[in-house]
Amino acid sequence: MDARHSRAKTLMEEENKKPHREEVCPGKKDKLDLKAVSAQIAATKGPEYWRSLEELAGTPEFQEMLHREFPKGASEWLDAVSRRGFLKLMGASLAMAGMTACTKQPMEPIVPYVRQPEEVIPGRPLFFASAFTLSGYATPIMVESHLYRPTKIEGNDQHPASLGGTDVFTQASLLEMYDPDRSQTITYLGDVRTWGGFLDAIRGPLNAQKAVQGAGIRILTRTVSSPALADQLRSVLKLYPQAKWHVYEPVNRENVLEGAKLAFGQPVETLYKLENADVIVSLDADFLCAGFPGNTRYIRDFAKRRNPDAGNMSRLYVVESTPSSTGVKADHRLPLRAIDVEVFARDLQRHWEAKGDVIALTGPGSDAAWAYKHEYMEMVSSVAKDLKAHSGSSIIIVGDHQPPVVHALAHAINQALGNVGKTVFYTDPVDANPINQTESIKDLVAEMRAGKVDMLFIIGGNPAYDAPVDLGFADALKTTNIPMRVHLGLYQDETAELCQWHLNEAHYLESWGDIRAYDGTVSIVQPLIAPLYSGKSAYELTAFLAGQAEASGHEVVQGYWKKQHPGADFDAFWRKSLHDGWIAGTTFTPKSINPKTANFPPSTASDAKSIEINFRRDPSVYDGCFSNNGWLQELPKPMSKMTWDNPVFIGPAMAARMGLKTEDLVTLELNGKKVTAPIWIQAGHPDNSITVFLGYGRRRAGRAGTGAGFDMYPLRSSATPWFTTGVNIAKAGGTYKLATTQGYQTMDTPVGARPQVRTASVDEYRKEPEFAKDEEPPKELTLYKPYPYEKEAYVWGMAIDLDACVGCNNCIVACQAENNIPVVGKEQVVIGRHMHWLRVDTYYQGDRDNPKAYFQPVPCQQCENAPCEVVCPVGATVHSTEGLNDMVYNRCVGTRYCSNNCPYKVRRFNFLLFQDWETPQYKMMRNPDVTVRSRGVMEKCTYCVQRITQHRIDSEREDRKIQDSELQTACQQSCPANAIVFGNINDPNSQVSKLKGVPRNYGLLADLNTRPRTTYLAEIRNPNSELQS
Amino acid sequence: MDEPRQPATLSDRAPVIEPGYTFGSVTDKISSIVLTRPTSNGWFLGFGVAFLLTMMMLYAIGYLFVRGVGIWGITIPIGWGFAIVNFVWWIGIGHAGTLISAILLLLRQSWRNSINRFAEAMTLFAVACAGTFPLIHMGRPWLAYWLFPYPNTMNYWPQFRSPLVWDVFAVSTYATISFLFWFIGLVPDLATLRDRSTNRWAQMIYGILALGWRGSARHWHRYETAYLLLAGLATPLVLSVHTVVSFDFAIAIVPGWHTTIFPPYFVAGAIYSGFAMVLMLAIPIRKFYGLEDFITERHLQNSAKVMLATGLIVAYGYGIEAFMGWYSGNRYDAFLLWNRLHGPYAPCYYALLACNIFIPQLLWIRKLRTSPLALFLLSAVILVGMWLERFIIVVVSLHRDFLTSSWGMYYPTRWDWMTFIGTIGLFLAAMFLFVRILPMISIFEMRTLLPEAEVKE
């Protein structure tokens, strides 16, 4: 050892004198660490340095250092484990190891794509055609899929039932699929079971039923219009000839079918061609609202004929019992109690048949003091005259809830007017089992009570909650001790609670199926994702019942269509059907049938004295099946802008008479059943009548739906499912807070009206086309340098045609899905913190008992002189070179100054952490192209800037400009009315530029010199000059 | 002893300092509050309550940081609520201190000498209370530093067209100058305290703060120059700070905000409320510490007159706003007026008119001007009125603006109230500490008011 080494040794000894962790560990002294080595090297001088490493390498210390994983300074776990510690660790390890043994971990290979799946580019979506089903009617859709996760639903623009539009339920069904409250397992008496366990359990009882030809088997479904499922169910019935298939759906169309039977002797579907109609008369039909079969297409056709710049406008007369968006769009509207609509129809028919001669009109009821007598008389005679003048190009549509006789009368009038074959068509019913559903469930309950039912399969639906109250379905289910009650459903709902077996249903986005649209066209429902919770579809359950052991949904559906389309080209046929979203040649052909008679016995006698109660499906949660859907719960209903609740609608005159104010609690009493609920004074509601909405007051809906609103089913009996008189209203005392998003629903202020929606009759418009134009301040009237756009390729703008907008709310849900907009809950809506980037304002004008009303969708106006931009202290909202007001979320510090200064109040602020950052399902659902905003950040409409960017990238790669037709914002794409047009206003040939050139184009609050890029086309109405006075 | 100086022309005017004092007795009297007199139970009670309120404020702010500004009543369309109301109110209150110390100094109003010290302290504490609000009202307060222009790697720079950025500069400048002015003015008195205290710690602390003041002629010369310069700097701030604060509103397009009268009207309102606060502090202080000889009727009268004058300017502002609502023919301004008079917040507006215009007219009565109790009550009324004025401006303008569909209501939550009342606690706690540990009246400036100080030719 030379001096150098001894030096090093001294250093190390010094080092070792310090207390080291190793000292705890015996026999590990004299180690060399980096520090010591470098000190040693530093200490050596001159040429020796170059040899020193080699020399050092020979030492045992250096060798040791090479073998050590970490240098000495790094923290290491070198403690000698004590005996006690060892036992502790081992004990814990064993316990933990035991925990992992509970489930077999699935194999999860995490290798990158060896072979890239065709067409899948990470970050780019794929689109798949499918169909959404509501009460048996399909909405054809294209589903956007990001790496096999459905993230957005669009209409299938190739399909005649959609043409690109959707409805709110379709849009929001995406959230339903990802709903964390969905039933996630099969349960038997509340315990978790497997599908195999369920099959084992029913095999025996099913075999036993074979002996009695299935006399104890009952199947209860909702309306089935799926050809394959109907075929399955029929084969079950074939296997068990004594078994029965019952159908019930609370919002059904049995009156329509009964009316058709009355008129034609057979159930038929009635289809309308609104684009060919010059005069449309709606008898309590809300055909522009989601839930009316074919509404998406009808809105498109209706809007097409409401454009005064593109030819002849149609004229819409609405006689209605509950104010609806269809009534809002009417040129003439008459509020009439539902029970009196039949009288109106008869008066109309009589007046029409009198060939212009004055006849004795009866009017509704016998109340001479009826305020609308005069209007009623005039309406009947002018409508009759107008219809006569437009024979062959008019339509009478009757609401689903009107009694069969009114439908029959309408068929007769349509026939007499020569509309059939021109504007009105009859086809086979879409419903595969068009029976009277009320009778059907009545029979079922009777048999349950008679003890004839051994096995009850409830496939979808929630009859324990929504069956007619007088049948006592839930009670029957509870008390009759049916040995085998099976419920297949998306939720562990009120019915699941009363069944031994609950099977978690696969959502339609997770399973195979087929379904008919309103015109009969069949769409294949294809899954976008494997079932999140291994749910089973109705096809799979019925396949088992039909004796096809464990057939998959895919096999069932494909098998059925193979039978319909045998032949070698099946593969091509199947692929084309999947790709297009419908099966060619399945559209029903119109039938030529004639009503047997035009005289029908009156159904109900009007009693003008007693109060009428109407039961209506809710515009947001339908019959209650969407109760747990936050997007729909928070969707402001078209007329009241109500969220999260279903107050009782009552007319202003009646409320004044009874001394009631909005939010007062009342007790409704009908047939001995009582419900207490708050009221909402709805302008335009007929007097002596109230409307209640179904679908609320759920007990077992989930975190959003449970407890929201008031259950109205206890008032609804099988005899009068839609309306009846004799309801008793009493003040219950107290109030109930309601959450509306628009507290002030008029443009009138005490110091004059504000021209927010501008409107004129078509004659006025022809006379003075520029009536909507405001005096705008000169463009140079700003302190700041104007943005130069001349050189820019794109300058974005939007035009919204108020004439076309029917207030269907679809744009709101589409925007919510596209832009990851959170749901805030009722308490926050009450304060006013709803987050919708796009809202639809509803304004009432004039007589509160029968007002005119207007819809106005308001997204960010993307002002050229944006008041928000100049006041932001941190530059979080800035003007883009393409004219957008960009929102830079990362930069926002949340002063809310921009919102204060926004005259349109379209900015939304994350006052709290509104976004759910935790639930894994929602993480999968969100649009990956849009930032998920956090607390304290302002947000607003960006004209779907992510879509613009995507198309810019695509077009630049292809070295071309973005085409006018290819780029659509989410609201525009979903709009069934084509009311929203977005595009490049630097291109004079773009659709939006052309619309902005129309004389009725105006900017909202343009007098403030904001120069909004979103402009509105004023609403033009086409009133009958006879009725105008 | 000589008679104290009396203005020959206005012989009936009350003196600025009661007769019978000498340099020594003035110094004794003021410094004894800090150094020798035992701390009263009243002080402990008052400070205790104020301290508890401060703790409540910290709790409210802590919860705010955890949950977000959603715990307040603000919403869309009322994006600013109590936080901004309180900010403007406190900033306004601070103005009287600067006016008294700077402008009155430059105008050689020597009566100010007995109230300027605590008026300046009041400014400082009011600005501290005010400064809290813009910070905590932000959605993401941890990013507040983004409002300052500083070199960074984020390629980020404030947006200088925004009045909020101007605010940052105006308020921070104001706070700095106010502090310097107050501290410079304190130096000779700190030296007095240093020299008079017997406690070692007090000697050390006052000694350090006195910056080595020995009272030499050179020191006095430098002091006078610095003080005058700072007064010169502070004078424009009296006008500019509230002008900039008023720009927060005047620059915006909201009806009720977008008006050119705001800068002068805000400044007048600020001084109005500031003097009210000075009186609310001075009256009890002179009572409890027996300082009626130093803060005399003359001071109360003068303050009351300033309030009367600024109150009339404020009244003129309201008048012009109402007139323009009608005269402009603008539908939004016309509605604003209607909404103030008949809308859901109309009681606030009537209360505002009563508190700020009608009740203060009582100040025309001489008897009330010289009655401490009456002045105290009137000042309280004015402070409430000025708070209501800011509430009307911020909330009532926002809650019903352009589109009728977007109208809303604002209801303050308990967190709003806790924060607001908490800042009053903070302000009072700071004032209690101030009167206890620093000379609340400028000793050396008081001495200049004595006849002894008159230079004999």
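Trainee: Which residue stands opposite A:N614 in β25(A)?

Mentor: That's A:F723. Strands here are DSSP E runs of at least two residues, and helices are H or I runs of at least four, both numbered from the N terminus. Keep in mind that this is a predicted model: local features need pLDDT of at least 70, side-chain atom pairs count only at pLDDT 80 or more, and totals for chains, interfaces and linings use all residues. Residues are numbered from 1 along each chain as its sequence is written, while chains are lettered from A and ligands numbered from 1 in the order in which they are written.

Trainee: How many bridges join β19(A) to β25 of chain A?

Mentor: Strands count as paired when DSSP finds at least two bridges between them. Here, three bridges join β19(A) to β25 (residues 723-725), and the two run antiparallel. β19(A) also pairs with β24 (residues 689-693) of chain A, in the parallel sense over five bridges. There, A:E612 stands opposite A:S689.

Trainee: Which residues point which way from β19(A)?

Mentor: In a regular strand, side chains alternate between the two faces of the sheet. From β19(A), A:E612, A:N614 and A:R616 point one way, with A:I613 and A:F615 pointing the other.

Trainee: Why is β19 of chain A called largely enclosed?

Mentor: Buried means 20 or more other C-beta atoms, placed from the backbone, within 10 Å of a residue's own; 12 or fewer is exposed, and in between is partly exposed. Five of the five residues of β19 (residues 612-616) of chain A are buried, so the rest of the structure largely encloses this strand.

Trainee: In what order do the strands of the open sheet in chain A come?

Mentor: Read across: β11-β10-β9-β12, four strands with parallel pairing. β11 (332-335) and β12 (394-398) are the edges, each pairing on one side only. Inside, β9 (residues 279-283) and β10 (residues 315-320) of chain A share five bridges, with A:Y317 as the bridge partner of A:V281.

Trainee: How many residues does each chain give to the contact between A and B?

Mentor: Interface size is often given as the accessible area lost when the parts come together. Here we have residue counts: 41 from chain B and 44 from chain A, where contact means C-beta atoms, placed from the backbone, within 7 Å. On chain B's side, α5 (163-196) and α10 (331-342) are the elements giving two or more residues, and α10(B) gives the most, with five.

Notes: Two residues are in contact if their C-beta atoms, placed from the backbone, lie within 7 Å.
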